[in-house]
Amino acid sequence: MAEFNKDDYLNDLPNADDAAAKTPEEGADAAAAAPEAGAGAAADAKAAADGKPAEDGKAGSDAPADELTPLGKAKKEAAEYLEALQRERAEFINFRNRASKEQERFRQHGIIDVLTALLPALDDIDRIREHGELSDSMSAVAAKIDKAFGKFGVEKFGEKGEDFDPTRHDAILHKPDASAEKETVDTVVEAGYRIGDRVIRAARVVVASPQN
């Protein structure tokens with residue numbers, strides 16, 4: 001066993017002045033800083049191993065606003081295509097509606113032309129029917145004509161006793177009537193025809209008017 005040397009032991013002891021100069025707070029800070037320094041060094045070492053530069057705060061973490069990722073560019077293009085498709089669809093719907101209205105207008109014009117050409121014959125049939133001189137065969141033909149026009153929306157109007165309406169009736173004569181309280185149709189000379197609200201020909205009538 002080595003011999004104990006008192007002088008060597010005293011020389012190895014820490015200096016009392018240096019130990020007193022360090023406060024407890026400084027000692028704690030130094031102890032806390034040691035792990036953080038170690039963690040920072042470890043992060044830098046990992047970044048260097050991955051081939052990436054060490055991060056310096058948040059600088060350089062955000063990409064420029066005008067630069068988009070491939071996914072962002074794809075989403076932007078998809079939104080533009082969707083907007084263009086919706087615009088084209090709206091234009092097509094408007095075109096289809098206009099075409100449908102034009103088609104219906106041309107259809108009505110064709111019906112009106114045919115009806116106008118047949119009006120004299122229809123008036124003759126009505127006069128013969130009124131006098132009871134219409135044969136069974138002619139009655140069948142007249143019924144078929146009325147049914148055919150009904151399929152195309154043609155409506156015949158003008159009846160004795162109905163209220164006089166200047167938008168639907170063409171008064172060829174006003175006849176004073178002591179029993180009349182208002183103007184009514186007394187005689188239908190020629191029936192009127194209309195398609196929906198459109199009057200093709202007003203009914204020509206004799207009107208019974210109240211006496212003043």
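Reader: In β4, which residue is the bridge partner of Phe157?
Author: This is a predicted model. Four bridges join β1 to strand β4, residues 192-195. The two strands run antiparallel. In β4, the bridge partner of Phe157 is Gly192.

Reader: In what order do the strands of the open sheet with β1, β4 and β5 stand?
Author: Three strands form this open sheet, with antiparallel pairing. β1 and β5 (198-201) stand at the edges, each with a single partner strand, so one side of each is left without a neighbour in the sheet. The twist averages 35 degrees from one strand to the next. The order is β1-β4-β5.

Reader: What angle does the direction of α4 make with that of β5?
Author: α4 packs on the sheet. The helix touches β1, β4 and β5. Its direction makes an angle with that of β5 of about 55 degrees.

Reader: Do β2 and β6 run parallel or antiparallel?
Author: Strands of a sheet pair through backbone hydrogen bonds, in either sense. Here eight bridges join β2 to β6. One of the residues with a partner in β6 is Lys175, which bridges to Ala208. The sense of β2 and β6 is parallel.

Reader: In β6, which residue is the bridge partner of Thr184?
Author: β3 and strand β6 (residues 203-210) pair in the antiparallel sense over five bridges. Thr187 has Val206 as its bridge partner in β6. For Thr184, the bridge partner in β6 is Ala208.

Reader: Is Val188 buried or partly exposed?
Author: Val188 lies in strand β3. Its relative accessible area is 22%. The limit for buried is under 20%, and exposed starts over 50%. Val188 is therefore partly exposed.

Reader: Which residues does Val188 touch, not counting those up to four places away in sequence?
Author: Asp170 is 18 residues from Val188 along the chain, and their C-alpha atoms are separated by 9.9 Å. The contacts of Val188, leaving out residues up to four places away in sequence, are Gly158, Glu159, Lys160, Arg204 and Val205.

Reader: Which lining residues are the closest to the centre of the largest pocket?
Author: About 360 Å³ of space lies in the largest pocket. In total, 15 residues line this pocket. The closest to its centre are Asp126, Glu130, Val188, Val189 and Ala191.

Reader: Which element gives the most to the lining of the largest pocket?
Author: Elements that give two or more residues to the lining are α4 (70-130), β1 (154-157) and β3. The top contribution is five residues. The element that gives them is α4.

Reader: How many charged residues does the lining of the largest pocket have?
Author: Sort the lining by class. Four residues are nonpolar and two are polar. The charged residues number nine.

Key:
Residues numbered from 1 in each chain as written. Predicted model: local features only at pLDDT ≥ 70, side-chain atom pairs only at ≥ 80, totals over all residues. Heavy atoms only, no water. Pairing = 2+ DSSP bridges. Buried < 20%, exposed > 50% of the residue type's maximum accessible area, 1.4 Å probe, protein only. Contact = heavy atoms within 4.5 Å. 1 Å grid on protein atoms, 1.4 Å probe; cavity = no way out; pocket = protein on both sides within 12 Å on 5 of 7 lines; lining within 4 Å. Points joined across faces, edges and corners; volume = space filled by probe spheres on them. Nonpolar A, V, L, I, M, F, W, Y, C, P; charged D, E, K, R; others polar. Axes fitted to C-alpha atoms, helices over the stretch in contact; angles between N-to-C directions.
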